[in-house]
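Dear colleague,

Please find below the structure that I am handing over to you. My findings follow it.

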Amino acid sequence: MGSIAAFARAARVLAALMVAGSMVSGCGKGGGDTGGSATNPPPPAPDTAGAAVAAVSPYDSGPRAAEQPIDPSKVKQGEALFTSKGCIVCHGFGKRITCPDLDGVTMRRTAEWMEHQILHPEVMTKQDPIAHGLLVQYKLQMTNQGLKPDEAKSVIEFLKHKNHEAAAAK
Ligand code: HEC
């Protein structure tokens with residue numbers, strides 16, 4: 001039982017990574033403007049006919065994630081997950097790329113909003129005005145990397161730590 005679930009999860013991550021991998025030209029760190037991914041056109045805009053996007057994000061009120069103390073015990077695990085779960089394929093820090101730059105993201109968003117974005121990116125781009133705006137801007141749907149809630153929380157602690165270090169170095 002457990003191993004089947006683990007296998008299904010691994011397969012999902014793999015599939016997501018393959019999708020992500022084939023997007024490298026559009027989403028990698030190359031920085032070269034190749035005019036997007038001819039080999040892998042962005043998925044058609046989700047069928048939002050009738051599905052209204054909220055005007056205000058229900059997850060984005062309150063202090064920004066970076067305003068709250070970092071839990072140092074989770075940073076290392078979060079950093080490892082950022083690589084092992086494939087986030088690193090699409091997102092960079094302080095780099096001009098075609099997926100959102102995560103430098104300073106914890107100063108822009110609440111922890112709650114980021115947790116929803118990480119756990120349910122496909123729902124967020126349909127229902128949350130911020131994520132929907134990013135989808136329109138980047139013309140790419142973030143893939144669901146199959147993280148568990150506590151894993152998403154660790155990644156958020158890593159993002160807070162990473163953003164904090166970068167801000168301190170400026
Ligand atoms: C296939 C590329 C891809 C992968 C893999 C990916 N993302 Fe994303 N991410 C995006 C895109 C594109 C957006 C903008 C929303 C959209 O269009 O879906 C985004 C948005 C975000 C945002 C919000 C950025 C902002 O400026 O508010 C965060 C935070 C984020 N991703 C974190 C992660 C984490 C953590 C992982 C790994 C678990 C991950 N992403 C994996 C492409 C990706």
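This is a predicted model: local features need pLDDT of at least 70, side-chain atom pairs count only at pLDDT 80 or more; totals for chains, interfaces and linings use all residues.

His161 is found in helix 9. Leaving aside residues up to four places away in sequence, His161 touches Ile70 and Val75. Its C-alpha atom is also 8.5 Å from that of Ala66, although His161 and Ala66 are 95 residues apart in sequence.

Overall fold

The protein chain has nine helices and zero strands. Along the sequence the pattern accordingly reads α-α-α-α-α-α-α-α-α. Of the 170 residues in the protein chain, 30% are buried. Where contacts link residues at least 6 apart in sequence, 79% of them join residues at least 24 apart.

Helix 9 and helix 3

Helix 9, residues 149-169, has 21 residues and spans 30 Å from its first C-alpha to its last, close to the 30 Å expected at 1.5 Å a residue. Its buried residues are Glu151, Ala152, Ser154, Val155, Ile156, Glu157, Phe158, Leu159, Lys160, His161, Lys162 and Asn163. The elements that cover these buried residues include helix 3, helix 5 and helix 6.

Helix 3, residues 72-84, has 13 residues and reaches 19 Å between its first and last C-alpha atoms, close to the 18 Å expected at 1.5 Å a residue. Lys74, Gly78 and Leu81 are the buried residues of helix 3, and they pack against helix 9. After helix 3 comes Gly86, with a positive phi near 85°.

How do the axes of helix 3 and helix 9 cross? They come within 7 Å of each other and cross at roughly 100°. Helix 3 is therefore roughly perpendicular to helix 9, since angles of 65 to 115 degrees count as such. On the helix 3 side the contact is made by Lys74, Val75, Gln77, Gly78, Glu79, Leu81 and Phe82; on the helix 9 side it is made by Glu151, Lys153, Ser154, Val155, Glu157, Phe158 and His161. By class, this contact has five nonpolar, four polar and five charged residues. Val75 and His161, which touch each other, both belong to this list.

The surroundings of the ligand

There are 30 residues around the ligand, and Cys87, Cys90, Leu134, Leu135 and Met142 come nearest. Two or more residues of the shell are given by each of helix 4 (87-90), helix 5 (105-108), helix 6 (111-119), helix 7 (121-127) and helix 8 (129-138). Helix 8 provides the largest share, four residues. By class, the shell has 20 nonpolar, seven polar and three charged residues.

Helix 6, one of the elements that contribute to the shell, has Ala111, Trp113, Met114, His116, Gln117 and Ile118 as buried residues. These pack against helix 7, helix 8 and helix 9.

Residues in the loops

Two residues in the loop between helix 8 and helix 9 deserve a note. Lys139 lies in this loop and has a phi near 55°, a positive value in a residue other than glycine. For context, most residues other than glycine have a negative phi. Lys139 is partly exposed, because 15 other C-beta atoms lie within 10 Å, a count between the limits of 12 for exposed and 20 for buried.

Thr143 lies in the loop between helix 8 and helix 9 as well. Is Thr143 buried or exposed? Thr143 is buried, because it has 22 other C-beta atoms within 10 Å. Thr143 and Gly86 are 57 residues apart in sequence, and their C-alpha atoms are 9.7 Å apart in space. Gly86 is the glycine with positive phi that follows helix 3.

Val56 has its place in the loop between helix 2 (24-27) and helix 3. Val56 counts as exposed, because it has 10 C-beta neighbours inside 10 Å and the limit for exposed is 12 or fewer.

With kind regards

Note on methods. Residues are numbered from 1 along each chain as its sequence is written. Axes are lines fitted to C-alpha atoms, for helices over the stretch in contact, and angles run from 0 to 180 degrees between N-to-C directions. Angles under 35 degrees count as roughly parallel, over 145 as roughly antiparallel, 65 to 115 as roughly perpendicular and the rest as oblique. Two residues are in contact if their C-beta atoms, placed from the backbone, lie within 7 Å. Ala, Val, Leu, Ile, Met, Phe, Trp, Tyr, Cys and Pro count as nonpolar, Asp, Glu, Lys and Arg as charged, and the others, Gly among them, as polar. A residue is near a molecule or strand if its C-beta atom, placed from the backbone, lies within 6 Å of it. The expected span of a helix is 1.5 Å times one less than its number of residues.
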